[in-house]
Amino acid sequence: MKFIVNSQQLLKQLQSLSGVLSASNTMPIIGCFHMRLEENTLIMKTTDLSTTLMARLAVETGHMDQAEEVAIPSRMLLDILKTFDDVPLTFSVDTSTYTIEIASGDGQYRLAGMDAATYPAMPAAETTGKVIMGSTALVDAINKTVFATSNDEMHQQMSGIYCEMTPDGVTFVATDAHKLVRYRRKDVSSDESTNFILPKKPITIVKNILASRKEEIDITLEYNSTNLFLTFDNFYIITRLVDGRYPNYEAAIPKDNPNKLILDRQSFLNTLKRVSIFASEATRQVRLSITADRIDISAEDLELSNNAHEAIPCQYEGDPMDIGFNAKFLTEMISYLDSEQVLVELSHPSRAGIIFPYGDESEEKKDDILMLVMPVMLAN
């Protein structure tokens with residue numbers, strides 16, 4: 001098995017694949033890159049047993065009678081590739097001993113590989129549904145929801161992004177019981193209605209790969225009751241869906257919110273960032289004191305005798321209100337919106353606040369987003 005490949009092209013592909021690797025795996029073989037050479041194509045893959053990520057790369061080879069494969073230790077190979085400039089490398093693999101030799105100019109490097117036949121097999125791609133989605137739309141959907149997923153291992157269903165597909169569009173939802181995001185797109189649809197929970201780790205890896213691309217590309221999403229299959233460019237990903245039933249998120253969204261607050265998004269965000277520096281490390285609490293044309297944002301840390309407050313103009317229809325929020329949650333949500341203004345709908349200091357982008361009423365708008373954040377109890 002022998003091929004010549006550009007060092008930086010190989011490094012870039014393997015770094016994308018390395019996101020799947022687990023530092024705590026109990027099987028040495030899945031700490032390797034599986035490499036299979038078919039004519040002039042190098043097929044590379046990694047797995048953590050729940051997710052398998054595969055990529056293709058064009059290489060130079062000699063005459064081949066049949067495909068050959070080997071498993072190469074991932075950490076060592078990445079460390080080697082990072083030291084090279086943009087140069088061609090010659091890989092020579094003894095498939096009887098699994099010894100890999102790498103040649104570059106006058107340099108010769110040898111490392112021990114493993115038998116690729118012991119590498120875990122990929123699940124069969126038996127699918128029941130298919131959707132094609134633009135890369136920008138998918139990256140937006142992940143960016144605007146994944147931060148709201150739960151890190152609580154006791155609630156696995158909330159650790160992923162809920163995806164609901166219908167003939168009218170697709171909805172992505174994430175919540176950790178303290179905050180919730182519902183993101184809808186009208187430009188993507190499914191022939192049949194279905195839903196599943198996307199795991200956070202692989203979907204974040206997909207987002208990172210796509211975010212590095214400047215051009216718009218199509219993503220093919222295929223699925224069955226247990227797995228999701230994504231195909232784009234030279235990548236192919238199979239991931240196990242999160243098992244279980246997602247909470248009834250619609251029931252958590254208050255429907256009657258008579259108090260309407262409109263704010264300049266950037267001004268609100270900057271003020272929150274400044275004031276929250278003075279909040280208690282334990283609670284991250286900020287107080288919003290809202291009147292007809294002004295909102296006073298304040299925070300204090302009684303233990304350290306720190307406090308801050310700042311007022312900014314607003315438009316408000318409703319009864320004057322004091323309400324508390326976790327500054328980190330509120331800042332995250334405002335950061336992921338891209339409108340010039342935000343609309344905050346409130347009903348009572350003990351009930352959730354609903355946040356919307358405000359001011360973009362274009363009929364051509366293809367998406368909409370709702371963010372919910374639970375309040376925190378204020379000290380008198």
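This tour moves through the structure one selection at a time.

**Before you start**

This is a predicted model, in which local features need pLDDT of at least 70, side-chain atom pairs count only at pLDDT 80 or more, and totals for chains, interfaces and linings use all residues. Residues are numbered from 1 along each chain as its sequence is written, and side-chain values use heavy atoms, with hydrogens and water left out.

**The whole chain**

Show the cartoon. The protein has six helices and 27 strands. These are DSSP runs numbered from the N terminus: helices are H or I with at least four residues, strands are E with at least two. Along the principal axes, the C-alpha atoms fill a box of roughly 80 × 50 × 40 Å.

Now show the surface. Of the 380 residues, 49% count as buried. Buried means under 20% relative accessible area, exposed over 50%, and partly exposed in between (1.4 Å probe, protein chains only).

**Stop 1: a five-strand sheet**

Select the open sheet with the order S5-S1-S7-S8-S9; its pairing is antiparallel. Two strands pair if DSSP finds at least two bridges between them. S5 (60-61) and S9 (107-112) stand at the edges with a single partner strand each, so one side of each has no neighbour in the sheet.

Go to S1, residues 2-6. Two bridges join S1 to S5, and the two run antiparallel. Phe3 stands opposite Thr61 in S5.

**Stop 2: the nonpolar cores**

Select Leu10, Leu14, Met35 and Phe268. Of the 100 residues in the largest nonpolar core, these four touch the most other members. Such a core is a set of buried Ala, Val, Leu, Ile, Met, Phe, Trp, Tyr and Cys residues joined through side-chain atoms within 4.5 Å.

Centre on Phe268. Beyond its neighbours within four places in sequence, Phe268 is in contact (heavy atoms within 4.5 Å) with Leu263, Leu288, Ile297, Ile312, Leu330, Ile334 and Val342. Another core, of 12 residues, lies apart from the largest one; among its members are Tyr162, Leu180, Tyr249 and Leu372.

**Stop 3: the loop at Asp48**

Find Asp48 in the loop between S3 (41-47) and S4 (51-58). A polar atom of the Asp48 side chain lies 3.0 Å from the backbone nitrogen of Ser50. The backbone nitrogen of Thr51 lies 2.7 Å from a polar atom of that side chain. Not counting residues up to four places away in sequence, Asp48 touches Val20 and Lys201.

**Stop 4: a hairpin**

Select residues 294-301 (S20) and 306-313 (S21). Eight bridges join these antiparallel strands. Glu300 has Asn307 as its bridge partner in S21. Four residues sit between the strands of the hairpin, and Ser305 takes a positive phi near 60°.

**Stop 5: Met122**

Finish at Met122, in the loop between S9 and S10 (129-134). Is Met122 buried, partly exposed or exposed? Met122 counts as partly exposed, because its relative accessibility is 25%. Leaving aside neighbours within four places in sequence, Met122 is in contact with Lys45, Thr52, Met54, Tyr236 and Ile238.

Definitions and conventions: A polar contact is a pair of N or O atoms within 3.5 Å; within protein, one must be able to donate a hydrogen and the other to accept it, and residues adjacent in sequence count only if both atoms are side-chain atoms.
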